[in-house]
Structure formats: C-alpha cells, structure tokens
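Let's take a walk through this protein together. Keep the sequence and the 3D view open as you read.

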Amino acid sequence: DGTVKKMTDLAKQEVLKVVDEYSSQALRVLAIATRCMSELPYSEDDEDVTADQQFQACRQGMRLVGVVASVDPDRDGVPDSVLLARGAGIRVV
C-alpha cells in the first residue's frame, strides 16, 4: 500500500529469520532497499573519503523493500571437485 514504517528490532529479527531460512537452503539472498537522494551525502571532490566511507554515508536511512532468494548454478568443475574431495574423506559443506 506504499506506507513506510520504521523497522523495529522485532521486524529486523523477522527479516533475518527469513534470510537464515533461505540461506539454510543454499540460496543466495539479496536485500533490496532504496533511498532517494537529491545529492550525494559526501563531496565527490574529497579524495580523503574512501569508497567504504562513501558507501557508509549512502546506506543511511534506506528503506527495505524486500528480500530475494535465488539459486546459484554450479560453477564448472565444482561437482567433480566435490566428488573428489568426498572420495578423499573430506566433508564438503
């Protein structure tokens, strides 16, 4: 319905529970959030501001839209590597 609510600690725990559930199923989980900005919250000319600091400044006050889970396809060679490791007695998780 387009309403915006402050995320409570309880709501955060519920979101993290969903993330944990998807992750336990070997799914990649992405959080989708937005923030409207009329200008950047840092000076682009300031060479002393690191990329981490820029990111930290931009991620303040974001609104969680939701989470998305997807299956990561096996990379080439991974299934064979897993079989090889298991054959050598290594437990693959």
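Start at Cys36, which is exposed, with 79% relative accessible area (exposed means over 50%, buried under 20%, and partly exposed in between, using a 1.4 Å probe and protein chains only). Cys58 is the contrast: at 18% relative accessibility, Cys58 counts as buried. Cys36 is in no disulfide, and the nearest cysteine sulfur, that of Cys58, sits 13 Å away.

Before going further, a word on what you're looking at. This is a predicted model, so local features need a pLDDT of at least 70 and side-chain atom pairs count only at pLDDT 80 or more, while totals for chains, interfaces and linings use all residues. Residues are numbered from 1 along each chain as its sequence is written, and side-chain values use heavy atoms, with hydrogens and water left out.

How confident is the predictor? The score here is pLDDT, the predictor's confidence in each residue, from 0 to 100. The protein chain averages 91, and 99% of the residues score at least 70. Confidence is highest in helix 1 (residues 9-24), at a mean of 95, and lowest in helix 3, at 88. Helices (H or I, at least four residues) and strands (E, at least two) are DSSP runs, numbered from the N terminus.

Ala26 has a positive phi of about 65 degrees, although it is not a glycine. Most residues other than glycine have a negative phi. Ala26 also counts as exposed, at 63% relative accessibility.

Next, look for a nonpolar surface patch of about 340 Å², made by Leu30, Ile32, Val65 and Val68. Patches like this one join nonpolar side chains (Val, Leu, Ile, Met, Phe, Trp, Tyr) within 5 Å, or like charges within 9 Å, using residues with over 30% relative accessible area and no salt bridge. Strand 1 (27-34) and strand 2 (63-71) are the elements that give two or more residues to the patch. Val68 lies in strand 2 and is partly exposed, at 42%.

Finally, helix 3 (residues 78-87) is hardly covered: one of its ten residues is buried. Just after helix 3, Gly89 takes a positive phi of about 85 degrees.

Note on methods
Disulfide = S-S within 2.5 Å. Areas by Shrake-Rupley, 256 points an atom, 1.4 Å probe, with all protein chains shown as cover. Salt bridge = Lys/Arg side-chain N within 4 Å of Asp/Glu carboxyl O.
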